[in-house]
Number of protein chains: 2
Amino acid sequence: MNVAATLTDFALEARPTDAALAVLRLSLLDWACVGLAGAGEPVAGILHAQAAEEGGTGQAALIGSAQRAPARMAALVNGTISHALDYDDTHFAHIGHPSVAVIPAALAAAELTGADAAQFQRAALIGVEASIRVGIWLGRTHYQTGFHQTGTAGAFGAVLAAGCLLGLDAGQMGHALGLVSTRASGLKSQFGTMGKPMNAGIAAANGIEAACLAAKGFVSDPGALEDAQGFGPTHHGEGDMRGFDDIGTVWQFISVQHKFHACCHGLHASLEALGQFDGAPEDVRAVEITTHPRWMSVCNIAEPSTGLEAKFSYRMVTAMALLGHDTALRENFTDTLCRDARVTALRDRVTVQADETLSEMQAHVKITGQGADKSVFFHDLDADPGLSARQARVQAKAAVLLGSERARDIWRMIETDKDLTRFVAALTGA
Amino acid sequence: MNVAATLTDFALEARPTDAALAVLRLSLLDWACVGLAGAGEPVAGILHAQAAEEGGTGQAALIGSAQRAPARMAALVNGTISHALDYDDTHFAHIGHPSVAVIPAALAAAELTGADAAQFQRAALIGVEASIRVGIWLGRTHYQTGFHQTGTAGAFGAVLAAGCLLGLDAGQMGHALGLVSTRASGLKSQFGTMGKPMNAGIAAANGIEAACLAAKGFVSDPGALEDAQGFGPTHHGEGDMRGFDDIGTVWQFISVQHKFHACCHGLHASLEALGQFDGAPEDVRAVEITTHPRWMSVCNIAEPSTGLEAKFSYRMVTAMALLGHDTALRENFTDTLCRDARVTALRDRVTVQADETLSEMQAHVKITGQGADKSVFFHDLDADPGLSARQARVQAKAAVLLGSERARDIWRMIETDKDLTRFVAALTGA
């Protein structure tokens, strides 16, 4: 089986289900709100300035700016900005952030070609689904070696989304995928720097640039995903062909996870479990958190001293949540709070342990009260609460980040508009 | 030793020798002539069209076009075009093409900042030298796994060259190198397609974009070359720190090899050896070529049927050279010649064998005449014929590709002009 041919066939032929499109629309709202909220970050200012210097044909909009830019630059800027807060969606099948790599490429391509909302949503869904499938094919070895699936697998999703909108035929799509093979990139060593969100922007930019060149007749090697010196074999890919099982009939994207806490996604299952506890903080003598071993090296900083470090600390976010410092609000993650006496005292009563029988999306929280009483809570992020519950939570998050009215307006545009005019205008901050 | 700090120190402090700068000027002439000769290739038309669509601030010139473009686009276009003929220089220490990845980034940055010719030449030399050093650090394992050093090591050279001209300080240079670490790319699986020259363009574009962003305050991980999840460890790098021995005092770039035959560089030592034979083709009963084992899988197509395949065939180029079909002329590599009866008859009397005691730059050619007479010729590309002999050959190549007058004019600009105005104008084809 040729990987590029499988992906091309999927991109050109697949018929998305209503259920998958419904989740895609939730991700569009989530992406728009974390993007707009991230537009004030320093990295956004740097990218906006670069785009302004380069100028060019106003093919596509930039989040948080009245300026327009060529599609490739828009994808770079919007991918980076929307990942800047680390508050966007995650898929755990491959551990990557599908929306920030794919939606910016899809949106820029949609603006470039004048696509309508339905064409845009279909293309974006094809792209995010493909990025997850490619990520599974690359596997945990690829991720553990150091590759950021958001940047690597994401670029393959971005090019399919852009390619659909640009109307590439099967041959051109193969060349576009081949060209992405020789440039898809992204390292986890950038975590904690502006390089992390930039990995998403690079993926989106790689995708749209490759699609634009393929549309003009660019010839590359469509075997360059899996051949001997192709992307997978050279980048510690496992080549797990189960990644492509049932592609086009089952939509992995449906189980994408939206973040409802402004911290590392590895902490979320424990925070959700903790949310079931309704006692007072002074009743808590000890908290024991049990999680998947992978997270022990990712988000288990014992004594964080900065707001950024707090976002990667089981002990800190547990203390915050119990003391009523809402973990949904990114402004609550501060250096000052890391030194707060009540917080650190409670933090020091939290222990963390690994259990490999748990999945990466599961956690146990055991709370010991001042007496001998113990309560145990469990959460599995993978348990689907149903579309309406998910929608309510994403809308609530959007309301917190953007204000109720703006959040409601954007959701209405995503749900009902036939074209992208108002949605694009909303992203610019207009 | 921190790799980024070593490279930064080199870029900011090194004082190039006159000998190194003299070779750099030869490479500028060589680069300009293969670039102008490549501007009619299909991939050049595709890149020119993409640049025209995107438009933007005319920061830098495009080879073979009156249009100007933002510096990043110019680097992408010029890197790709100048590698399109596969006729540019090679360094065998790491097996990469230094000029096509670095000079386009340096030139775009020089135009962007209004640098003079001396500043441009120093920055270009820093970049090509650094790309070779990084390539040695990555090693043969990186290359054999499938990475095209032109794209990977080249990007690190490109960012240093651009960074010098943009006036980055040491901290900014570290961030620019860190950002390149998360995006440097290029696979050998693209060989034989437009993806191969594009790898050079991508390297140049990565370099200048990272330098521009670092100048604006972009923060990345300067340890991302060698740290656990850095570029080297994730990309099968050997981490051979001897790559940085004597950096700043010894200039590896001096032993760069210019191509004088329009075919794979692995064939050149045998063609140079064959050039010592002064007999007639009809006197030749058999030819035995002995070469380094690495080339047996690179350029030993036994019975090529296309002009492109002929460029990767010991037997074919040997027959061509003996029959007087000048291998310096790319127009001589045709599908028709592959079917020529005299050529194929002589081709079939050529045998090729490997000998691992030879270096990658050495070859033996044994010619058996119609009697029992045998002659053996040897050539080592690494044997330095001296600057004036090298200059004469590069100038002769330029004259063949561009015409004598134009070649002489460009050489005069490189040798004597204090600014880049006329050189840049010449590249546009004006």
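1. Domain arrangement in chain A. In this predicted model, the C-alpha centres of domain 1 of chain A and domain 2 of chain A are separated by 31 Å. Domain 1 is assigned to residues 3-257 + 387-427, and domain 2 to residues 265-380. Where the two domains touch, domain 1 of chain A contributes 8 residues and domain 2 of chain A contributes 7 residues. The side of domain 1 that faces this contact has 4 nonpolar, 3 polar and 1 charged residues.

2. Overall form of chain A. The chain contains 18 helices and 6 strands. Its C-alpha trace extends about 75 × 45 × 40 Å along the principal axes. Buried residues make up 59% of the 430 residues of chain A. Among the contacts in chain A with a separation of 6 or more, 77% join residues 24 or more positions apart.

3. Relation between the two chains.

4. The interface. Chain B supplies 46 residues to the contact and chain A supplies 47 residues. On the side of chain B, the elements giving two or more residues are helix H3 (42-54), helix H8 (170-181), helix H9 (195-215) and helix H10 (231-234). That side of chain B comprises 17 nonpolar, 21 polar and 8 charged residues. Because 100% of the interface residues of chain B are also interface residues in chain A, the copies meet through the same surface.

5. Helix H2 of chain B. This helix covers residues 18-38, and its 21 residues should span 30 Å at 1.5 Å a residue; the end C-alpha atoms are 30 Å apart, in agreement. Of those 21 residues, 16 are buried, so H2(B) is largely enclosed by the rest of the structure.

6. Ala321(B) and its surroundings. Ala321(B) belongs to helix H13 (residues 314-322) of chain B. Ala321(B) counts as buried because it has 22 C-beta neighbours inside 10 Å, the threshold being 20 or more. Apart from neighbours within four places in sequence, Ala321(B) contacts Leu271(B), Leu274(B) and Thr327(B). Leu271(B) is 50 residues from Ala321(B) in sequence, yet the two C-alpha atoms are 7.5 Å apart in space.

7. Residues with positive phi. Most residues other than glycine have a negative phi. Asp86(A) has a phi near 60°, a positive value in a residue other than glycine. Asp86(A) is placed in the loop between helix H4 (71-83) and helix H5 (98-113) of chain A. With 22 C-beta neighbours inside 10 Å, Asp86(A) counts as buried. In chain B, Ile95(B) has a positive phi of about 60° although it is not a glycine. Ile95(B) lies in the loop between helix H4 (71-83) and helix H5 (98-113) of chain B. Ile95(B) is also buried, as 21 other C-beta atoms lie within 10 Å.

How values were computed. Residues numbered from 1 in each chain as written. Chains lettered and ligands numbered in written order. Predicted model: local features only at pLDDT ≥ 70, side-chain atom pairs only at ≥ 80, totals over all residues. Helix = DSSP H or I, 4+ residues; strand = E, 2+ residues; numbered from the N terminus. Nonpolar A, V, L, I, M, F, W, Y, C, P; charged D, E, K, R; others polar. Buried ≥ 20, exposed ≤ 12 C-beta atoms within 10 Å, placed from the backbone. Expected span 1.5 Å × (residues − 1). Domains from an automatic or database assignment.
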